[in-house]
Amino acid sequence: MHAYSILPALTIGLTTSALAGPLLTVAASVTGFATQTNLSNGLPTDDPGRYNYVGGLTAGPSRSWFIDWDLVGDDTGALPGATFITNGFTITNAGATSRTFDIVVAFDSPVTASAGANQLSCFANLSGTLTSDRGGTASLTSAAPSLWQGQINGVTKVSLNPVVPTTTSTTFFGPASNTWTGLIPNGPNVQTVGYRMQFTLSGYSTVQFSGLWSGTVVPAPGALAILAAATGLGMSGRRRSNA
Amino acid sequence: MGTHHRRAGIGLLSLASVVGLAGSASAAVVSVSKVVTNTRSTAQTFVYEASITASENIDSAGIFGSFSLVVSDFNRNGVMAASTVAGDLYSGWLGSTRVKSFVPSTSGGPAGSFQLSAAANQQNFFTAAFGTETAPEVLASSVKIGDEIRVRFEFVLSAGDQAAVSGHFNVVDMSAVPGPGSAALLGLAAGIRGRNRRRTEND
């Protein structure tokens with residue numbers, strides 16, 4: 001399960017390779033532990049432009065918590081002007097007491113906004129499972145400001161707070177569709193798409209997150225109007241020439 | 001989503017614990033929690049197992065467990081997770097004997113099979129359980145020290161999509177589980193004690 005011990009070597013080997021994907025940064029703060037950061041370049045998938053990132057962080061010798069991930073990032077190769085990073089985290093609190101986790105994910109996916117196309121249309125969803133590893137009761141509570149925050153260039157644009165029942169084993173499901181459209185924060189281009197998760201997990205429990213955070217560049221309304229006007233003038237000029 | 005699939009490999013997980021508490025109904029818990037992304041262009045079969053070695057004898061075993069699954073579409077063509085062979089979605093083992101084949105009922109698939117799907121860019125989830133700690137399923141089986149207690153999940157996942165799967169397999173000692181009559185007597189005794197306490201506090 002925790003196969004990340006061999007990943008640093010793979011990552012180093014791929015960083016300078018043409019097969020290497022964009023940089024993914026995962027930073028995690030856990031109650032009572034110093035912040036840890038993992039940098040990796042993904043492996044190509046069968047879908048061109050999409051890369052798979054598998055890795056993990058742990059408490060070290062105490063093995064009192066584990067953070068593992070299996071993510072896919074899209075570098076805009078498949079659909080120009082569009083990018084995404086998935087959520088595929090498994091977080092285990094192997095200790096007896098509750099712990100608070102703060103996990104920040106940043107995927108380097110430079111989306112270039114052409115002249116007048118400085119808006120981004122974003123989509124998010126989030127689901128997961130919560131399991132007590134010893135058959136007791138597991139609980140997951142969001143920490144302020146919300147359990148999941150979708151970020152563009154490090155600025156939060158969508159927040160999700162799914163209701164998670166307290167039980168032995170359950171699934172939770174955020175709203176099916178969460179969208180945001182607006183000016184690219186810290187633009188004009190998109191340097192990173194990412195998300196932040198802040199929550200408290202009961203002892204001897206495991207939570208899994210599954211979901212998507214995507215962004216597509218769209219022309220600003222003003223640019224659309226100018227484009228329409230230009231098209232109109234062009235057609236009018238053509239009709240006049242034909243006359 | 002193609003119908004062709006192949007075995008992607010077996011993941012042996014370590015999230016298992018022997019509770020082994022004296023006087024407790026729970027003797028052993030084996031759990032699996034795994035997120036997997038199918039990065040291939042065809043559907044793949046995924047198998048995950050977790051196991052422990054029994055640390056105590058159980059003459060009369062009872063079992064209960066759970067299964068949860070979340071599926072997410074990432075490539076804008078829908079997602080589907082399904083059982084491969086009917087009965088193999090969730091199986092619980094004591095030694096070399098499969099004692100539980102849990103096939104949660106879902107709509108849309110053939111009888112005895114499991115299927116969970118979602119439309120483009122969407123997610124879907126499913127959770128189900130069998131037995132409980134106080135009312136486990138009773139087996140005509142025993143567990144000896146050294147026997148392997150194992151849970152196994154097997155499913156096929158459509159190309160480019162993700163599944164988050166988790167669940168338990170609990171084995172209990174039926175001699176430590178209070179019977180319905182005992183539970184009723186315990187409840188009655190607790191009620192009488194509570195009433196007497198309230199009466200004393202009010203006096």
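Nine of the 12 residues of strand 15 (residues 190–201) of chain A are buried, so strand 15 is largely enclosed by the rest of the structure.

Q: Which strands of chain A pair with strand 15 of chain A, and in what sense do they run?
A: Strand 8 (residues 99–111) of chain A pairs with strand 15 of chain A in the antiparallel sense over 11 bridges, and in that pairing A:Phe107 has A:Val193 as its bridge partner. Strand 11 (residues 148–152) of chain A is also antiparallel to strand 15 of chain A and is joined to it by five bridges, with A:Gln149 opposite A:Arg196. Strand 10 (residues 140–142) of chain A, again antiparallel, is joined to strand 15 of chain A by three bridges, and here A:Leu140 stands opposite A:Leu201.

Q: Which strands pair with strand 5 of chain A?
A: Strand 4 (residues 50–58) of chain A pairs with strand 5 of chain A in the antiparallel sense over nine bridges, and A:Gly55 stands opposite A:Trp69. These two strands form a hairpin with six residues between them, and A:Gly60 in the turn has a positive phi of about 95°. Strand 7 (residues 89–93) of chain A pairs with strand 5 of chain A over five bridges, also antiparallel, and places A:Asn93 opposite A:Trp65. Strand 6 (residues 82–87) of chain A runs antiparallel to strand 5 of chain A and is joined to it by two bridges, with A:Phe84 opposite A:Asp74.

Q: How many residues of chain B are in contact with chain A, and which strand of chain B gives the most?
A: The size of an interface is often given as the accessible area lost when the parts come together. Here the description is by contacts instead, and 35 residues of chain B are in contact with 31 residues of chain A. Strand 3 of chain B gives the most to the side that touches chain A, with eight residues. The residues of that side of chain B divide into 10 nonpolar, 23 polar and two charged.

Q: Where in chain A is confidence lowest, and where is it highest?
A: Where pLDDT is low, the predicted coordinates should not be read in detail. Chain A has a mean pLDDT of 84; confidence there is lowest in helix 1 (residues 7–15) of chain A, at a mean of 40, and highest in strand 1 (residues 23–30) of chain A, at 98. Chain B has a mean pLDDT of 77, with 68% of its residues reaching 70 or more. Over residues 1–24 of chain B the pLDDT stays under 50, although the model has 68 contacts beyond four places in sequence for this stretch. Residues 197–203 of chain B also stay under 50, and for them the model has zero contacts beyond four places in sequence.

How values were computed
Residues numbered from 1 in each chain as written. Chains lettered and ligands numbered in written order. Predicted model: local features only at pLDDT ≥ 70, side-chain atom pairs only at ≥ 80, totals over all residues. Contact = placed C-beta atoms within 7 Å. Helix = DSSP H or I, 4+ residues; strand = E, 2+ residues; numbered from the N terminus. Nonpolar A, V, L, I, M, F, W, Y, C, P; charged D, E, K, R; others polar. Pairing = 2+ DSSP bridges. pLDDT = per-residue confidence, 0-100. Buried ≥ 20, exposed ≤ 12 C-beta atoms within 10 Å, placed from the backbone.
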